[in-house]
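Reader: I am new to this structure and would like to know what stands behind the words used for it. Please go through them with me.

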Amino acid sequence: MIHSLNNEKPIFHQIRERIEDGILDGHLQPEDRIPSTNEFAKEYQINPATAGKGVNELVDKGVIYKKRGVGMFVSSDAREILITERKENFFKQHIKPLKKEAIRLGISVEELQNMLQGS
């Protein structure tokens, strides 16, 4: 089955994010084997080097590791690494701008908490 990729961001980012999402969603567990770059290339009809770029970013972060001659596997602390990274990104991309706009609009901490709780 061929999965589609979109043109909104580089393909290697999409490959990396699909692996990350699989780990965060629990579909990929520690020590699970992930597809090889050639398997990704075949599935998504892309160049293996493109798939490799996304996979290698995860290797560099310690999310996955390579067993020579065997394949690539999810590291034991992959989920924690990804959660920490995504929390930092969430803070930078969402919370900081939210706080800035709340200050600009004069929204109190209590009002903001009520908004977040859906009250």
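Author: What follows is a set of questions about terms, each answered with a value and its definition.

Reader: What kind of model is this, and how are its residues numbered?

Author: The model is predicted: local features need pLDDT of at least 70, side-chain atom pairs count only at pLDDT 80 or more, and totals for chains, interfaces and linings use all residues. Residues are numbered from 1 along each chain as its sequence is written, and side-chain values use heavy atoms, with hydrogens and water left out.

Reader: Which residues does the annotation "domain: HTH gntR-type" cover?

Author: According to the UniProt annotation, from an unreviewed entry, residues 9-77. UniProt positions are given in the numbering used here, feature names are shortened, and annotations may be inferred rather than shown by experiment. In the model, the span of residues 9-77 is 52% helix and 14% strand, and its end C-alpha atoms lie 27 Å apart. Helices (H or I, at least four residues) and strands (E, at least two) are DSSP runs, numbered from the N terminus.

Reader: Why is Arg 16 called buried?

Author: Buried means under 20% relative accessible area, exposed over 50%, and partly exposed in between (1.4 Å probe, protein chains only). Arg 16 has 12% relative accessibility, so Arg 16 counts as buried. Arg 16 lies in H1.

Reader: What does Arg 16 touch?

Author: Not counting residues up to four places away in sequence, Arg 16 touches Gly 54, Glu 57, Leu 58 and Lys 61. Contact means heavy atoms within 4.5 Å.

Reader: What makes the pair of Arg 16 and His 13 a polar contact?

Author: A polar contact is a pair of N or O atoms within 3.5 Å; within protein, one must be able to donate a hydrogen and the other to accept it, and residues adjacent in sequence count only if both atoms are side-chain atoms. The side chains of Arg 16 and His 13 make such a contact at 2.9 Å.

Reader: Is Leu 24 buried or exposed, and how do you know?

Author: The relative accessible area of Leu 24 is 18%, so Leu 24 is buried. Leu 24 is found in H1 and touches Arg 79, Leu 82, Ile 83 and Arg 86, not counting residues up to four places away in sequence.

Reader: Which residues of H3 are buried, and what do they pack against?

Author: The buried residues of H3 are Ala 51, Gly 52, Gly 54, Val 55 and Leu 58. They pack against helix H1 (11-24), strand E1 (33-34), helix H2 (37-44), strand E2 (64-67) and strand E3 (71-74).

Reader: What lies at the ends of H3?

Author: Asn 47 caps the N-terminal end, where a side-chain oxygen lies 2.7 Å from the backbone nitrogen of Ala 49. Just after H3, Gly 62 takes a positive phi of about 85°.

Reader: How do you know that E2 and E3 pair?

Author: Two strands pair if DSSP finds at least two bridges between them. E2 and E3 have four bridges, in the antiparallel sense. Ile 64 stands opposite Val 74, and Lys 67 stands opposite Gly 71.

Reader: What is the order of the strands in the sheet, and which are called edge strands?

Author: The open sheet of three strands has the order E1-E3-E2, with antiparallel pairing. E1 and E2 are the edge strands, as each pairs on one side only. E1 and E3 pair over two bridges.
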